[in-house]
Amino acid sequence: MNRLALALFTFLLLLAPLAAQDAEATREEADKVIGDFKRFYKNANENVRMAAVEDIGETNHPDIVPLLLAAMKDKSPKVRDAVVPALKKQTSKGGVFILVREIGKTRDLETRLALLETFKVTKPKVAYPKVLEFAKSRTFELKLKAADLLAVMPSEKKKSERALMKLIEDKEAQVRGTAIDALAKLKHPELLDVCLEKMRTDKDWRVQSTAVSAIPALRAKRSVVPLIEFMSEAKGRLADD
């Protein structure tokens, strides 16, 4: 076997587990896993229920999703924490549809945050309007999660950039910093001027630090002098960072 053929064969072997992981399970496979889950999830021990959630999450099928959503209401934080990683593995078209529908219906904050976290993997286009809506929310956690998500979801007609530019002026420092990070990932052309301003004027050193960190990646010559001048005068936590 020549080198090219060997390299191709090795590449295909590496891809095989990934393809298997994303593939939707058959009805028979899902039914068996669901039966096992229902039996173990009745257990009073939270560790057994947590393991049941983790196990069922390994099977990618639409019928798994409602069971995981129900587990979001488990009395044990350990069990609820296991749901998000399990939901992230539910990438079937039918499963994603259920998740998008659920985020439009639920008013429960923990469930909304969990669903937004799963969208980092699936990036469903139909959920994009809801993410933009949450970016305007008065709830800190929703705004923060939406800002983070807008960095990885495909932007439509620069709506993500406009939403994030507004969040840069949010009252919460963590939201402002996350918005700067997101715009840096989107390579927004207006970000340089924003960062140069924020590194000097923002009242929170963490936001200033985020702005400073974003500037070199923008590769703009006009940022060199003001960045050097600012860092030479920096004091306190910002200087240490």
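Angles under 35 degrees count as roughly parallel, over 145 as roughly antiparallel, 65 to 115 as roughly perpendicular and the rest as oblique. The structure is a predicted model, in which local features need pLDDT of at least 70 and side-chain atom pairs count only at pLDDT 80 or more, while totals for chains, interfaces and linings use all residues. Residues are numbered from 1 along each chain as its sequence is written, and side-chain values use heavy atoms, with hydrogens and water left out.

The chain has 15 helices and zero strands; both are DSSP runs numbered from the N terminus, helices being H or I with at least four residues and strands E with at least two. Of its 241 residues, 44% are buried, where buried means under 20% relative accessible area, exposed over 50% and partly exposed in between, with a 1.4 Å probe and protein chains only. Among contacts in the chain with a separation of 6 or more, 62% join residues 24 or more positions apart; contact means heavy atoms within 4.5 Å.

Consider helix α4 (residues 64–71) and helix α5 (residues 77–88), which pack at an angle of about 150° with their axes 9 Å apart. Axes are lines fitted to C-alpha atoms, for helices over the stretch in contact, and angles run from 0 to 180 degrees between N-to-C directions. The two helices are therefore roughly antiparallel to each other. The crossing of α4 and α5 is left-handed, a term used if the near helix is turned anticlockwise from the far one by less than a right angle, with right-handed used if clockwise. On the α4 side the contact is made by Val 65, Leu 68, Leu 69 and Ala 71, and on the α5 side by Val 79, Arg 80, Val 83, Ala 86 and Leu 87. By class, this contact has eight nonpolar, no polar and one charged residues. Ala, Val, Leu, Ile, Met, Phe, Trp, Tyr, Cys and Pro count as nonpolar, Asp, Glu, Lys and Arg as charged, and the others, Gly among them, as polar.

A second pair is helix α8 (residues 128–135) and helix α10 (residues 159–167), whose axes come within 10 Å and cross at roughly 15°. That angle makes α8 roughly parallel to α10. Tyr 128, Leu 132 and Ala 135 of α8 meet Lys 159, Ser 160, Ala 163 and Leu 167 of α10, a set that divides into five nonpolar, one polar and one charged. The crossing of α8 and α10 is left-handed.

Leu 167 also belongs to the surroundings of Ala 147, which is in contact with Leu 164, Leu 167, Thr 178 and Ala 182, leaving aside neighbours within four places in sequence. Ala 147 lies in helix α9 (residues 140–150) and is buried, with a relative accessible area of 0%. Ala 147 and Ala 182 are 35 residues apart in sequence, with their C-alpha atoms 6.8 Å apart in space.

Arg 176, in helix α11 (residues 173–185), counts as buried at 9% relative accessibility. Not counting residues up to four places away in sequence, Arg 176 touches several residues, including Leu 167, Glu 169, Asp 170, Asp 202 and Asp 204.

Leu 109 in helix α7 (residues 109–122) is partly exposed, with a relative accessible area of 32%.
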